[in-house]
Amino acid sequence: MFGIRCSWLFPHKSQYALVLLMSIFLVLRRRRAFSRQWIGWGIFLLLLYGLYICDTMSAFGGLVLGIGGMFLDYLRKKGLRLNKYTLAGGGLLTAAGSAVLFVISRQRNLGTLGARIPIWTKSLRIILENPAGIGQRFGTHFGMQATETLSVDNCHNVFLNHALRFSIPAGILFMILILLIAAYAVYVSRSFFALGSWLGILILMNMDQALNPIQFAYFILLVFFIYLYEPSEQDAPAAS
């Protein structure tokens with residue numbers, strides 16, 4: 001279904017996956033803001049279907065990590081009491097994580113992380129050969145032979161892409177910026193949900209070209225409303 005890639009908005013399916021994954025995290029984090037819970041769950045299912053048609057399994061792995069973090073927060077709030085409900089929740093999360101891992105193993109070679117290791121190795125060589133970046137050639141007139149049977153047009157890693165396109169210092173600074181944003185968000189939230197969801201986001205960024213300059217402003221907006229924004233009592237929804 002994603003053969004056309006909907007490239008009128010973002011050029012790659014992983015970029016849609018990142019936006020959809022973070023939007024799901026936003027709905028889960030602010031689920032009590034909906035005056036009617038069925039509206040929130042409807043939006044969640046719609047976003048989940050969008051994530052499914054993106055066909056980016058690492059995003060589903062990130063989703064399991066975020067929901068797993070919410071489950072740990074629930075256990076901490078309840079004093080880590082184990083009962084049939086918490087055991088059932090843990091079992092469902094374990095089953096979901098196992099299912100995602102199984103599907104990935106059927107589609108990709110886990111020994112090479114889905115061919116990411118040879119791609120990253122070849123990318124690092126090209127980056128070291130072009131420390132000032134390749135500029136506008138990236139994404140248009142660039143290609144590399146990662147293996148004998150695999151040719152790609154990017155590094156399949158957000159930070160390596162920035163280093164290749166803009167220069168090694170730009171790639172390092174961008175990586176530091178994202179890590180500082182992640183660390184501050186986790187520090188402010190002080191929750192397993194923040195930690196798990198950020199691990200999921202970073203996995204997606206490290207496995208594909210999931211973030212580009214076009215969507216960076218929306219990325220920051222989502223970070224703010226997921227992790228930093230604290231609504232006042234006046235913002236609470238009216239009872240339905």
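Modeller: Let us begin with a definition: patches are made of residues with over 30% relative accessible area and no salt bridge, where like charges are joined within 9 Å and nonpolar side chains (Val, Leu, Ile, Met, Phe, Trp, Tyr) within 5 Å. Accessible areas come from the Shrake-Rupley method with a 1.4 Å probe, and for residues only the protein chains shown count as cover. A salt bridge is a side-chain nitrogen of Lys or Arg within 4 Å of a carboxyl oxygen of Asp or Glu. This is a predicted model, in which local features need pLDDT of at least 70 and side-chain atom pairs count only at pLDDT 80 or more, while totals for chains, interfaces and linings use all residues. Residues are numbered from 1 along each chain as its sequence is written, and side-chain values use heavy atoms, with hydrogens and water left out.

Colleague: Which helix gives the most to the nonpolar patch?

Modeller: The patch is made by Leu-65, Leu-72, Phe-192, Leu-195, Leu-199 and Ile-203, and covers about 470 Å². Helices (H or I, at least four residues) and strands (E, at least two) are DSSP runs, numbered from the N terminus. Helix H3 (57–77) and helix H8 (192–207) each supply at least two of the patch residues. With four residues, the one that gives the most is H8.

Colleague: Is Ile-203 buried, partly exposed or exposed?

Modeller: Ile-203 is found in helix H8. Buried means under 20% relative accessible area, exposed over 50%, and partly exposed in between (1.4 Å probe, protein chains only). Ile-203 has 38% relative accessibility, so this residue counts as partly exposed.

Colleague: What kind of aromatic pair do Phe-25 and Phe-193 form?

Modeller: Rings of Phe, Tyr and Trp (its six-membered ring) pair if their centres lie within 6.5 Å; planes under 30 degrees apart count as stacked, over 60 as edge-to-face and the rest as tilted. A search of the whole structure finds twelve aromatic pairs. For Phe-25 and Phe-193, the distance is 5.8 Å centre to centre, with 85 degrees between the planes, and the pair is edge-to-face.

Colleague: Why is the pair of Phe-174 and Phe-216 called tilted?

Modeller: Phe-174 is buried at 11% relative accessibility, while Phe-216 is partly exposed at 22%. Their ring centres are 6.0 Å apart, and the pair is tilted because the planes lie at 55 degrees.

Colleague: Where is Arg-190 found?

Modeller: Arg-190 has a positive phi of about 50 degrees although it is not a glycine. With 52% relative accessibility, Arg-190 counts as exposed. Its place in the chain is the loop between H7 and H8.

Colleague: At what distance from the ring centre of Tyr-187 does Arg-190 lie?

Modeller: A charge sits over a ring if NZ of Lys or CZ of Arg is within 6 Å of the ring centre and within 35 degrees of the ring normal. Arg-190 lies over the face of Tyr-187, and the distance is 4.3 Å.

Colleague: How many residues apart in sequence are Arg-29 and Glu-230?

Modeller: The count comes to three salt bridges. One of them joins the side chains of Arg-29 and Glu-230 (3.3 Å, N to O). Arg-29 lies in helix H1 and Glu-230 in the segment after H9, so the pair ties together parts separated in sequence by 201 residues.

Colleague: What separates Arg-76 and Asp-73 along helix H3?

Modeller: Arg-76 forms a salt bridge with Asp-73, and their closest N and O atoms are 3.4 Å apart. Arg-76 is partly exposed at 45% relative accessible area, whereas Asp-73 is buried at 16%. Because the two are three residues apart in helix H3, the separation is about one helical turn.

Colleague: Are Arg-116 and Asp-208 buried or exposed?

Modeller: Their side chains meet in a salt bridge between Arg-116 and Asp-208 (3.5 Å, N to O). Arg-116 is in helix H5 (residues 116–129) and Asp-208 in the loop between H8 and H9, 92 residues apart. Arg-116 and Asp-208 are both buried.
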